[in-house]
Amino acid sequence: MTTISTPSYEFPSPTRSRPEADTHTVSIRRPSSVASRSTATRRHRSNRSHNGGASYAPQNEFPNFAHTGDVEIIVAVGGHEGRYMLHRLILARSSGFFDASTSEQWSRAQAQTQEQSPAQGYNGVLGRIGEEDEGDQVGSSSANATQKAFWRYELDFGNQADEMPMLVQKPLQTSLFGSDRTPRPPPVRNKPPAPSNGFFRSISAMQSAIHIPPTTAQTGQDNDIIRDYDNLFRIFYNYPPSLDAIDITEAYIQCKSLLNLADMYDALEVVGPRIDHHLLQFQGRLWKQIAKYPPSYLKLGYLARSKVMFAEALVHVVGQWPQGAPQLRNLPNIILELIEDKVDELQDLKAKVEGRLFRLTLTTSRGERVSPWNSYLDWNVVSLFRQWLAENTTPPPPPLPKTSGPDSRQSQPPPPPPLNNGRIYRLLGLGGSAYLGHDELKRFLRLRPDDYSRENMKKFERRMDELKGMAREAVKPLMRNFLELDIGRDGGGMGYLTCTRVDEADFPWD
């Protein structure tokens, strides 16, 4: 038998650091295919997906900070749901509620130890497999224990129907692998999954069978709750809230609802400036709305810490007082005391002006006050002016009670409302023919035919104009307008005064 000499092939041993020379030779050569398979190096594909599709990268932006968030908030209302993964630091800085509920003293947060295995990281990202270039031994990476606190909140509607829903801290759920926080990719959009066609068919059949009433109002209310919470968290992260910028009535409703929510979570200092900035963009339309509903905007301005809206509404409320008093019962006492103080200041100013008006008189050419003895015609001018002033600035007398019948006490009419003589002062401020015009003066002089003549009529009108000029100067303190709304010289049809001045020290939140 012929012996075939073959060259020796060296195969690296797993236990050697480098190949060494061998003194033995291999008697049989292996096929090339076998040798190539045994010496081939297995390589891993870095972009291979293990989920059966494209690789998923968890987002780390509002509203779901999958990598850095430590507070999970679930707002589920009806069939809608909003999920948020936010930061405790930002929530505690913006809201007193989150600051207290996540503190060490009151929080139910559980410190967790998350061990990252070589196959699965904390956020669901596959771990790297260590390989050595100079050997086939696979290096196993040791898991580092990281301890981090997490919080979880869910919207709770309480047990009573009229109770306001509020976020309640819930214990963390334990997963199958022993971790209290299951790392799952958060939903990108806050909307429920689309139901199947069979679901619609079954619901339609049920409605046709049992006649389910429509729930459009309830659905709208649910959407409003989700919208308010979304706007609240958007403001916390310095994002603009989603509020109506066209219809000021709808914008007021949305802002009021958002401010009530911020007040419940002690976040008015952060939310208020955003509301103030949004509503002030309406400018002229906002001033007209405040003039229509001053008590409502007084509350809104107080909650939003808006000096412009609060002062604008306060001027209207003080001028109309006590007309809007029933709508201001739920306000803090400090605001009611401020309104009463401003009303007293306005009444004192009106009393001073009225006293000055009733003391107005004319003088003769020698500097004497007119009287029936030295200038009867001029004295009639002063008498007519004072009579007109007293008649228009004094409340009408109460009607006489009905004395017929046993139930006369029950049939008495209610007392007349307090007289708001702002319109009279505006007429005095205008002067001229705004009051006591030519026809009235002529009718007064004709009461005594002997005194009526063309010359006396001209003198009477000239002396009345002098008295009106003095009255216009006397009422100037009441003619000032501290509104942003332009009401013109005639007051824009307002029957009350707008001369209430609101200083920096008057704002109740400073």
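What percentage of the 510 residues of the chain count as buried? The share is 35%, where buried means under 20% relative accessible area, exposed over 50%, and partly exposed in between, with a 1.4 Å probe and protein chains only.

1. Basis of the note. This is a predicted model, in which local features need pLDDT of at least 70 and side-chain atom pairs count only at pLDDT 80 or more, while totals for chains, interfaces and linings use all residues. Residues are numbered from 1 along each chain as its sequence is written, and side-chain values use heavy atoms, with hydrogens and water left out.

2. Overall content. The chain holds 15 helices and nine strands; helices (H or I, at least four residues) and strands (E, at least two) are DSSP runs, numbered from the N terminus. Among contacts with a separation of 6 or more, 64% join residues 24 or more positions apart, a contact being heavy atoms within 4.5 Å.

3. Helix α9. Residues 294-304 form helix α9, which is mostly covered, with nine of its eleven residues buried. The buried residues are Pro294, Pro295, Tyr297, Leu298, Leu300, Gly301, Tyr302, Leu303 and Ala304. They pack against α6 (248-264), α7 (268-280), α8 (284-292), α10 (307-320) and α11 (333-358). Arg305 follows α9 and has a positive phi, near 55°.

4. Helices α7 and α9. The axes of α7 and α9 are 8 Å apart, and the two helices pack at an angle of about 130°. Axes are lines fitted to C-alpha atoms, for helices over the stretch in contact, and angles run from 0 to 180 degrees between N-to-C directions. The pair is therefore oblique; angles under 35 degrees count as roughly parallel, over 145 as roughly antiparallel, 65 to 115 as roughly perpendicular and the rest as oblique. Leu268, Gly272, Pro273, Ile275 and Leu279 of α7 meet Leu300, Leu303 and Ala304 of α9. This contact of α7 with α9 has seven nonpolar, one polar and no charged residues. Here Ala, Val, Leu, Ile, Met, Phe, Trp, Tyr, Cys and Pro count as nonpolar, Asp, Glu, Lys and Arg as charged, and the others, Gly among them, as polar.

5. Helices α6 and α7. An angle of about 170° and an axis separation of 9 Å describe the packing of α6 and α7, so the two are roughly antiparallel to each other. From α6, the contact draws on Ala251, Cys255, Leu258, Leu259, Ala262 and Asp263, and from α7 on Leu268, Val271, Gly272, Ile275, His278 and Leu279. By class, the contact of α6 with α7 has nine nonpolar residues, two polar and one charged.

6. Helices α12 and α15. Helix α12 (residues 376-393) and helix α15 (residues 454-474) have axes that come within 10 Å and cross at roughly 45°, which makes α12 oblique to α15. The contact is formed by Leu377, Asp378, Asn380, Val381, Val382, Leu384 and Phe385 of α12 with Asn456, Lys459, Phe460, Arg463, Met464, Leu467 and Ala471 of α15. The contact of α12 with α15 comprises nine nonpolar, two polar and three charged residues.

7. Cis peptide bonds. Phe62 and Pro63 are joined by a cis peptide bond with omega about 10°, and Pro63 sits in the loop between β1 (60-61) and β2 (64-65). A cis bond also joins Trp321 and Pro322, with omega about 5°; Pro322 belongs to the loop between α10 and α11.

8. Arg234 and Phe62. Arg234, in helix α5 (residues 216-236), is partly exposed at a relative accessible area of 21%. Its C-alpha lies 8.2 Å from that of Phe62, 172 residues away in sequence. Not counting residues up to four places away in sequence, Arg234 touches Phe62, Tyr239, Pro240 and Pro241.

9. Positive phi in loops. Gln283, in the loop between α7 and α8, has phi near 50°, a positive value in a residue other than glycine. Gln283 is partly exposed, with a relative accessible area of 46%. Leu436 likewise has a positive phi, near 50°, and lies in the loop between α13 (422-430) and α14 (438-445). Leu436 counts as buried, at 3% relative accessibility.
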